[in-house]
Amino acid sequence: MPFDTNPFPDDSERHALWEMLVRRDIEAYLGADWPAVEDDFLAETFFGLSGLKSANPDEWRMIFPRLDDYRDRWLSQARLSAATAYAEPRREALYRITTLQDIDINGERAVAHKKFDGTIAKADGSIDTINWQTLYLCNRVDGRWKIAGFVGYLPNPMGISG
């Protein structure tokens with residue numbers, strides 16, 4: 001199976017969520033192209049919590065109280081990644097380390113469990129280790145899924161802080 005195959009060919013709702021949260025996100029991230037994903041968010045109500053890679057919810061913090069705060073961090077990370085020399089294709093590596101299989105849909109709301117687990121080889125012989133998970137909170141608006149918020153940078157698997 002190709003590295004970027006949507007695992008939900010027969011489930012239109014989950015297929016759409018995977019396309020938004022995996023394909024559009026990765027493709028936009030590769031080009032630091034925020035306008036490509038901007039409409040995937042509910043800007044007026046969006047907020048993001050960081051689990052700070054801790055299994056203890058008391059340590060989690062709202063570091064993205066507004067979409068603009070998240071956009072700025074996302075763009076900064078995308079640009080840093082683009083400026084890094086990797087020993088393997090970034091696109092394939094990002095799809096390889098990203099999993100989105102568990103999606104709970106209840107009416108017009110969904111929780112999608114996106115996991116990152118793996119390494120990307122850098123040209124200098126070092127590696128980037130990417131290991132966390134994010135719970136995306138999504139709402140269906142006018143027939144289209146949108147990101148209302150998330151709880152991210154959680155340990156993967158949960159129960160282990162790192």
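## The cavity

On a 1 Å grid over the protein atoms alone, a cavity is a set of points where a 1.4 Å probe fits but cannot get out. By this rule, the count comes to one cavity of 30 Å³ or more. This is a predicted model, so local features need pLDDT of at least 70 and side-chain atom pairs count only at pLDDT 80 or more, while totals for chains, interfaces and linings use all residues. Residues are numbered from 1 along each chain as its sequence is written, and side-chain values use heavy atoms, with hydrogens and water left out.

About 80 Å³ of space lies in the largest cavity (a volume is the space filled by probe spheres set on the grid points, which are joined across faces, edges and corners). Its lining is made of Met20, Leu21, Asp25, Val37, Asp40, Phe41, Tyr70, Trp74, Tyr136 and Ile147 (lining residues have an atom within 4 Å of a point). By class that's eight nonpolar, no polar and two charged; Ala, Val, Leu, Ile, Met, Phe, Trp, Tyr, Cys and Pro count as nonpolar, Asp, Glu, Lys and Arg as charged, and the others, Gly among them, as polar. Helices α1 and α2 each supply at least two of the lining residues, and α1 has the largest share, with three. Helices (H or I, at least four residues) and strands (E, at least two) are DSSP runs, numbered from the N terminus.

## How α1 packs

Start with α1 (residues 12–30) and α3 (residues 90–97): they pack at an angle of about 150 degrees, with their axes 10 Å apart. That makes α1 roughly antiparallel to α3. For reference, axes are lines fitted to C-alpha atoms, for helices over the stretch in contact, and angles run from 0 to 180 degrees between N-to-C directions; under 35 degrees counts as roughly parallel, over 145 as roughly antiparallel, 65 to 115 as roughly perpendicular and the rest as oblique. On the α1 side, the contact (heavy atoms within 4.5 Å) is made by Trp18, Val22, Arg23, Ile26, Glu27, Tyr29 and Leu30, and on the α3 side by Arg90, Arg91, Leu94 and Tyr95. Sorted by class, that contact has seven nonpolar, no polar and four charged residues.

With α2, the angle is about 60 degrees and the axes are 8 Å apart. That makes α1 oblique to α2. Here Asp25, Ala28 and Tyr29 of α1 meet Trp74, Gln77, Ala78 and Ser81 of α2, a contact with four nonpolar, two polar and one charged residues.

## The two largest pockets

A pocket is an open set of points with protein on both sides within 12 Å along at least five of seven lines. The largest one has a volume of about 630 Å³. It is lined by 27 residues, and the closest to its centre are Tyr29, Gln77, Leu94, Ile130 and Trp132. The elements giving two or more residues to this lining are α1, α2 (67–83), α3, β4 (109–121), β5 (127–141) and β6 (144–154). The lining splits into 15 nonpolar, six polar and six charged residues.

The second largest pocket has a volume of about 180 Å³. Of its 12 lining residues, Phe3, Thr5, Pro7, Trp18 and Thr98 lie nearest the centre. Two or more residues come from each of α1 and β3 (98–106), with β3 giving the largest share, four residues. This lining divides into eight nonpolar, four polar and no charged residues.

## A look at Asp104

Strand β3 also holds Asp104. Leaving out residues up to four places away in sequence, Asp104 touches Arg109, Ala110 and Val111. As for Phe150, 46 residues from Asp104 along the chain, the C-alpha atoms of the two are separated by 14 Å.
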